[in-house]
Structure formats: structure tokens, C-alpha cells
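Hi,

Here is the structure I promised to pass on.

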Amino acid sequence: MADRPARVALFTTCLVDQFYPQVAEATLRVLDRVGVRADVPGGQTCCGQPLLNDGFPKEAAALARHFLRTFEPYDAVVAPSGSCVATVREFYPHLAQEARWRERIRSLAHRTYEVSEFVVRVLGVERVQARFPHRVTFHPSCHLLRGLRAAECARRLLLGVEDLELVDLAHPEACCGFGGVFSVKFPEVSRALLEDKLADAQATGAQLLVSTDAGCLMQLEGGLARHRIPLRCVHLVEVLGQP
């Protein structure tokens, strides 16, 4: 097992902070269970992904610098969102035009992790001593799957949960249709992707649909509610944080 980071911070993300605070709490429980006490720095804000997606790199760069000032003292930054972590890791280094920011941002970007990636790849843990006696299926977010290439980390952790039955989707790689502003700009395409994803999830016979990003949860929950499908969505850490 690699050396554990001495100081770890939780980056809650905007959607978790505003709509899914229980996910932040569950993330802290999971980290505590694997022996990591994480700080939650005050003053943290949006990662800037909506600004980047909508064509405002200068404004996003200002948020990147604020992220740096907030989290630079830490050895590792952990977030319950592959989407936000991908923004920090993949795009922040390109936003830093000034030399005085560039190396510092690049260094911080490379020690920012999605929570399942951190637990499996950094800590070397695949069982978090959770029990969850339910049949579940797993939707990996696009950024976790393609941006971070870490979807297998989340799946390994689910397989390590006692009494959990994991039934794979027929097309786990398919997008749920959220994509941030994509779902607003292209609602017809977004809706078609969502319909396919919900049909795939229903076909598994699962009781719960697990995902790793608040944006995906919002998209999936909305579709399930509109169609009155008796399937509940939960974040990965809500499963892993079970006693």
C-alpha cells in the first residue's frame, strides 16, 4: 500500500452542497472508515465547469486560482464527483496562463481525486466493511469512465460490499444525458439518452441505481419520477457508508 497522504481535504462540489448534502456526509464516513480524517475547508466554491462548458475560460481561471488558494495546503483533495475532479485535473493546467500559477495548479490537479479512485488507487483498499443487502446496478458517470478512467474503482468497491448483488447494465458506457449545460442546450438528445438509460436499468431488475455524480443523480431521478418507475437512485458513497 502506498504512503497515505497526511492532510486530506473534502471538496464537496456545488451540486452536492446545494442538493445532496448527505453525500458529503457519507463521503466523510467512508474516508473515516478507511482511516482518513478529512478537513472541509471553508470558502470553497464551484470548480468552474459550467463556465468552461459555456465558453468563459477567463472566469473559470479565476475559480481555478481560488481552488488553488483553498486546497494547496493539502496533500490530497477528494471529491464525490468524477466530473468536478476531471475539470480540475484535465482543464485547470490549461487555464493557468501565468507562470506563477501554472506549476502550482498542475501539482494540485495531480493530487485531486474522485473518492472511489482515492480509496482504491491511493489507499489500496477495495473493501470498506459495508453491508447493503440489495440488488443494485451501477451507472458510471462519463467523466469517471472516460475522463479519469476510474469507473472500475467504483465497481470494485461495490463488489466488496457484503450482501450486495451487483447486476451490470447492458450498456454501462452510455451517457445518461445530463452533461451539465448539454441537457439544457440539447433537451431532445438528452431525453433520448435518458430514456435508453432508464430502460437499461429497469431490465436489470435492480432495486437501486447507483451512480457517482450528483448531476447524473438529478437526471436519473427526474426521469424515474416522471415515469413513476419504482427504482431508487443513490450515490456510491451512500452505499459504501452503510454500517
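Let me start with the lining of the largest pocket: 15 of its residues are nonpolar, ten are polar and one is charged. In that count Ala, Val, Leu, Ile, Met, Phe, Trp, Tyr, Cys and Pro are nonpolar, Asp, Glu, Lys and Arg are charged, and the others, Gly among them, are polar.

Before going on, a word on the source: this is a predicted model, with local features needing pLDDT of at least 70 and side-chain atom pairs counted only at pLDDT 80 or more, while totals for chains, interfaces and linings use all residues. Residues are numbered from 1 along each chain as its sequence is written, and side-chain values use heavy atoms, with hydrogens and water left out.

Back to the pocket. It holds about 520 Å³ of space, and of the 26 residues lining it, Leu 15, Gln 49, Ser 83, Phe 178 and Gly 180 lie nearest its centre. Helices α1 (14-19), α3 (49-53), α5 (82-95), α8 (142-147) and α12 (214-227) each give the lining at least two residues. (Helices are DSSP runs of H or I, at least four residues, and strands are runs of E, at least two, numbered from the N terminus.) Both domain 1 (8-122) and domain 2 (135-240) contribute at least three residues to this lining; the domain bounds come from an automatic or database assignment.

For the terms: on a 1 Å grid over the protein atoms alone, a pocket is an open set of points with protein on both sides within 12 Å along at least five of seven lines, a cavity is a set where a 1.4 Å probe fits but cannot get out, and lining residues have an atom within 4 Å of a point. Points are joined across faces, edges and corners, and a volume is the space filled by probe spheres set on them.

Now the two domains. Their centres, taken over C-alpha atoms, are 22 Å apart. One salt bridge is counted between the domains.

Finally, the cavity. The whole structure has one of 30 Å³ or more, lined by Ala 61, Ala 64, Arg 65, Leu 95, Ala 96, Glu 98, Trp 101 and Ile 105. Helix α4 gives the largest share, three residues. Arg 65 and Glu 98 also form a salt bridge (3.8 Å, N to O), meaning a side-chain nitrogen of Lys or Arg within 4 Å of a carboxyl oxygen of Asp or Glu. Arg 65 sits in α4 and Glu 98 in the loop between α5 and α6, 33 residues apart.

Cheers
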